[in-house]
Amino acid sequence: MRTAEARAATAVAGGLVLGLLGGCMPIFAPSYRSLHEVDGQVVQSAPPPPVAYESYLRARLAMDRDPPQLETAQQHIRRALKADPRDPHLWATRAEIEEQLGQIEQAMQSAQRALALRPGYPPAQRVLSRLQGGAAGASTASTGSVHQP
């Protein structure tokens, strides 16, 4: 009888350990909600606050309208950044909107802010590259020389 009780206690303890380990696994493994794709690469980051994500989507929809509703997009991206100011993608999107509005200095600052949060971030680098290329093109246009990339 003693061995049956011992086996039962061992089974219960083993089940308890497995249950605890099973419950701890999500702590060690990334949540599917924290994984997303950026430029063909899967990256892990914390899920954004819902208001930031909603505002970002509204900004994108306004940008994709024909014609684009850039002032509306700018309002939405500001709201998104108020909710999540440390998201480099939001700053890169803000830079893109400002670029389209012709707000070059602000766009450069927003792109640089995105790069400060995540060095080498491709969306911010693309915007900054376009802006710097445009600034270089404008300076060569005033001198009359042609700049070939």
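The model is predicted. The chain has six helices and two strands. Its average pLDDT is 79.

**Overall layout**
- Starting at the N terminus, the order of elements is α-β-β-α-α-α-α-α.
- The chain holds 149 residues, and 26% of them are buried.
- Take the contacts in the chain with a separation of 6 or more: 50% of them join residues 24 or more positions apart.

**Confidence**
- A pLDDT of at least 70 is reached by 65% of the residues.
- Helix α3 has the highest mean pLDDT among the elements, at 98.
- Helix α1, residues 2–28, has the lowest, with a mean of 54.
- The pLDDT is below 50 over residues 137–149. Beyond near neighbours in sequence, that stretch makes two contacts in the model.

**Helix α2**
- Helix α2 covers residues 50–64, which is 15 residues.
- At 1.5 Å a residue, α2 should span 21 Å.
- Which residues of α2 are buried? They are Ala-52, Ser-55, Tyr-56, Ala-59, Arg-60, Ala-62 and Met-63.
- Viewed down the axis of α2, these buried residues fall within an arc of 160 degrees, so they line one face of the helix.
- On the other side of α2, Pro-50, Leu-61 and Asp-64 are exposed.
- What covers the buried residues of α2? The cover includes α3 (70–83) and α4 (88–101).

**Ala-80, a residue of α3**
- Ala-80 sits in helix α3.
- Is Ala-80 buried or exposed? Its relative accessibility is 0%, so Ala-80 counts as buried; the cut-off for buried is under 20%.
- Setting aside neighbours within four places in sequence, Ala-80 is in contact with Ala-52, Ser-55, Tyr-56 and Leu-90.
- Ala-52, Ser-55 and Tyr-56 are also among the buried residues of α2.
- Ala-80 and Trp-91 are eleven residues apart in sequence. In space, their C-alpha atoms are 9.6 Å apart.

Conventions:
Residues are numbered from 1 along each chain as its sequence is written. This is a predicted model: local features need pLDDT of at least 70, side-chain atom pairs count only at pLDDT 80 or more; totals for chains, interfaces and linings use all residues. Side-chain values use heavy atoms; hydrogens and water are left out. Helices (H or I, at least four residues) and strands (E, at least two) are DSSP runs, numbered from the N terminus. Buried means under 20% relative accessible area, exposed over 50%, partly exposed in between (1.4 Å probe, protein chains only). Contact means heavy atoms within 4.5 Å. The expected span of a helix is 1.5 Å times one less than its number of residues. The arc is that of the directions from the helix axis to the C-beta atoms. pLDDT is the predictor's confidence in each residue, from 0 to 100.
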